[in-house]
Amino acid sequence: GVALAQSGGAAEALDGFARALAIEPGNAQALMGRALVLQETHRVRDAIAAYDAVLQRQPGNHAARSARLLTLHYAEGVTRDQFFAEHREFGRQVERSPASEIPFTNQPEPGRKLRVAFLSPDLRAHSVAYFLQPLLAHLERQSFEIILYHDHVRVDSVSEQLRRQAVLWRNFAGQPAEVVETSIRGDAPDLLVDLAGHTGFNRLLLFARRLAPVQVTYLGYPDTTGVPAMDYRLVDGVTDPEGGADAYATERLIRFAPTAWAYDPPKNAPEPGRLTTNGGVTFGCF
């Protein structure tokens, strides 16, 4: 079932998971795999119910709880208060995990470059990368050192372009949390930026252990993480208007620009077309 799900055979994968669960109804890997396939094939309510089944058997399965939060964004009838309560519950669950008490070695020396690290599974041909590229290109190298942590098996030409922007590049694909934590603490970033939120392959459990003096979430997820140790979320006044949005974030919202997203289109992208003037409908893609 897992192999078929990863190779695009959704119907066959669901059949495999069903056969596994007929033999062993509480098999966590089969339950989780089934939920992921239901989510990816847009059976939203079925997916939420499947994640609930995982959590009934494994309340501490934080990966299932995180994936369920993403799936809730596709469901009708979920209120903003409910969204926030669910994210807060995730935060309470991961906060109970043993937190590291390792002191940071970062010293606030005047004139020292800030070490800013970005952690993402999407430093490749992916929408997150296209929004990250112009940000990295315009960060002043006199003030910042850039560290990039890629967390995916796929490395492509976009990965190589991003790698050239960094003083340090690491690929954490498939590495256990303990190894990732040790590597990041050893690199001693001053700011650690999450670009995944509750999307796939996220490392929010590590952010819950606070791996850097300042932790920020940005770009890859349209909501709060709920993680108490996540200090800030970068947004703008359109997506998160002042006066209302702050109450629905566990992080401090930073509206650092009129728009928080600057897009660098692929080099082979066509020029934008003209808007119609005949009263027809113009479709846009963001």
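Residues are numbered from 1 along each chain as its sequence is written, and side-chain values use heavy atoms, with hydrogens and water left out. In this predicted model, local features need pLDDT of at least 70 and side-chain atom pairs count only at pLDDT 80 or more, while totals for chains, interfaces and linings use all residues.

**Exercise 1. The largest pocket**

Determine what volume the largest pocket has and which element gives the largest share of its lining.

Solution. 

Step 1. On a 1 Å grid over the protein atoms alone, a pocket is an open set of points with protein on both sides within 12 Å along at least five of seven lines; a cavity is a set of points where a 1.4 Å probe fits but cannot get out; lining residues have an atom within 4 Å of a point. Grid points are joined across faces, edges and corners, and a volume is the space filled by probe spheres set on the points.

Step 2. The volume of the largest pocket is about 1600 Å³. Its lining consists of 48 residues, of which Leu36, Thr199, Gly200, Phe201 and Asn202 are the closest to the centre.

Step 3. Helices (DSSP runs of H or I, at least four residues) and strands (runs of E, at least two) are numbered from the N terminus. Two or more lining residues come from each of α1 (2-6), α3 (28-40), α5 (62-72), α7 (127-138) and α10 (204-207). The largest share, 8 residues, belongs to α3.

Step 4. Sorted by class, the lining holds 24 nonpolar, 18 polar and 6 charged residues. Here Ala, Val, Leu, Ile, Met, Phe, Trp, Tyr, Cys and Pro count as nonpolar, Asp, Glu, Lys and Arg as charged, and the others, Gly among them, as polar.

**Exercise 2. The cavities**

State how many cavities of 30 Å³ or more the structure has, and list the residues that line the largest cavity.

Solution. 

Step 1. The largest cavity has a volume of about 40 Å³. Its lining is formed by Asp194, Gly197, Thr217, Tyr218, Leu219, Gly220, Tyr221, Asp223, Thr225 and Arg233, which divide into 3 nonpolar, 4 polar and 3 charged residues.

Step 2. The second largest cavity has a volume of about 30 Å³. Among the residues that line it are Leu119, Asp194, Phe201 and Phe207. By class, this lining comprises 5 nonpolar, 2 polar and 2 charged residues.

**Exercise 3. The nonpolar cores**

Identify the residues of the largest nonpolar core that touch the most other members, and list the contacts of Leu192.

Solution. 

Step 1. A nonpolar core is a set of buried Ala, Val, Leu, Ile, Met, Phe, Trp, Tyr and Cys residues joined through side-chain atoms within 4.5 Å. Buried means under 20% relative accessible area, exposed over 50%, and partly exposed in between (1.4 Å probe, protein chains only).

Step 2. The largest core has 27 residues, and Phe90, Leu119, Tyr149, Phe172, Ile184, Leu192 and Val227 touch the most other members. At least two residues each are supplied by α4 (44-57), α5, α6 (80-95), β1 (114-120), β2 (144-150), α9 (177-187) and α10.

Step 3. Apart from this core lies another, of 23 residues, including Phe118, Val128, Leu132 and Val158.

Step 4. With contact taken as heavy atoms within 4.5 Å, and leaving aside residues up to four places away in sequence, Leu192 touches Ala117, Leu119, Tyr149, Ile184, Phe207, Leu211, Ala212, Val214, Gln215 and Val216.

**Exercise 4. The salt bridges**

Explain which parts of the chain the pair Arg68 and Asp52 ties together.

Solution. 

Step 1. A salt bridge is a side-chain nitrogen of Lys or Arg within 4 Å of a carboxyl oxygen of Asp or Glu. The structure holds 17 of them.

Step 2. One of these joins the side chains of Arg68 and Asp52, at 2.7 Å from N to O. Because Arg68 lies in helix α5 and Asp52 in helix α4, the pair ties together parts that are 16 residues apart in sequence.

Step 3. Arg68 is buried, at 13% relative accessible area, whereas Asp52 is partly exposed, at 27%. Asp52, Arg68 and Glu86 are linked in a network of salt bridges.

Step 4. Glu160 also forms a salt bridge with Arg163, with the closest N and O atoms 3.3 Å apart. These two residues are 3 apart in helix α8, so about one helical turn separates Glu160 and Arg163.
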